Amino acid sequence: MAKKPGSNNKGEWAFFDVVYEDGSQRSNRRVPAELLGGLEKDEPARGYIIEQDREIAEKSGRSPLAIKSIARTGAKKK
């Protein structure tokens, strides 16, 4: 059964833009917010996204792409 509009907790997910070695980009990749923060800040997101990519590649029969960079969606570049 579908959720009612507006019932999603806003702090539940963090969104990331991922750039791969071949130059392709995927936007708004979801990572549970509970993994982030602390001393490592956003670094656990890389491992979570790598695992997601591995599962997707396994289902599609392709090899996973190497990640070049990860940044929060909407974050200003330094």
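In which strand is asparagine 28 found? Asparagine 28 belongs to strand E2, residues 25–32, and this strand returns in several of the views below. The model is predicted, so local features need pLDDT of at least 70 and side-chain atom pairs count only at pLDDT 80 or more, whereas totals for chains, interfaces and linings use all residues. Residues are numbered from 1 along each chain as its sequence is written, and side-chain values use heavy atoms, with hydrogens and water left out.

**Figure 1. The elements of the protein.** The protein holds 1 helix and 3 strands, which follow one another from the N terminus as β-β-α-β. Helices (H or I, at least four residues) and strands (E, at least two) are DSSP runs, numbered from the N terminus. Of the 78 residues, 19% are buried; buried means under 20% relative accessible area, exposed over 50%, and partly exposed in between (1.4 Å probe, protein chains only). Among contacts (heavy atoms within 4.5 Å) between residues at least 6 apart in sequence, 42% join residues at least 24 apart.

**Figure 2. Asparagine 28 in strand E2.** The phi angle of asparagine 28 is near 60°, a positive value in a residue other than glycine. Asparagine 28 is classed as partly exposed because its relative accessibility is 46%.

**Figure 3. Arginine 29 in strand E2.** Arginine 29 counts as buried because its relative accessible area is 11%. Neighbours within four places in sequence aside, arginine 29 is in contact with Ala14, Phe15, Phe16, Val18, Tyr20, Ile49, Gln52, Asp53 and Ile56.

**Figure 4. The largest nonpolar core.** A nonpolar core is a set of buried Ala, Val, Leu, Ile, Met, Phe, Trp, Tyr and Cys residues joined through side-chain atoms within 4.5 Å. Here the largest such core has 9 residues: Ala14, Phe16, Val18, Tyr20, Val31, Leu36, Ala45, Ile49 and Ile67. Strand E1 (13–20) and helix H1 are the elements that each give two or more residues to this core, and E1 provides the largest share, 4 residues. In soluble globular proteins, nonpolar side chains tend to be buried together.

**Figure 5. The second largest pocket and its lining.** A pocket is found on a 1 Å grid over the protein atoms alone, as an open set of points where a 1.4 Å probe fits, with protein on both sides within 12 Å along at least five of seven lines; lining residues have an atom within 4 Å of a point. The second largest pocket has about 250 Å³ of space, a volume being the space filled by probe spheres set on the points, which are joined across faces, edges and corners. Its lining includes Tyr20, Arg26, Arg29 and Asp53. Helix H1 (43–60) and E2 each supply at least two lining residues, and H1 gives the most, 4 residues.

**Figure 6. Tyrosine 20 and lysine 68 in contact.** Residues up to four places away in sequence aside, tyrosine 20 touches Arg26, Arg29, Asp53, Leu65, Ala66, Ile67 and Lys68. Lysine 68 lies in strand E3, residues 67–72, and is exposed because its relative accessible area is 54%. The C-alpha atoms of lysine 68 and aspartate 22, 46 residues apart along the chain, are separated by 8.6 Å.
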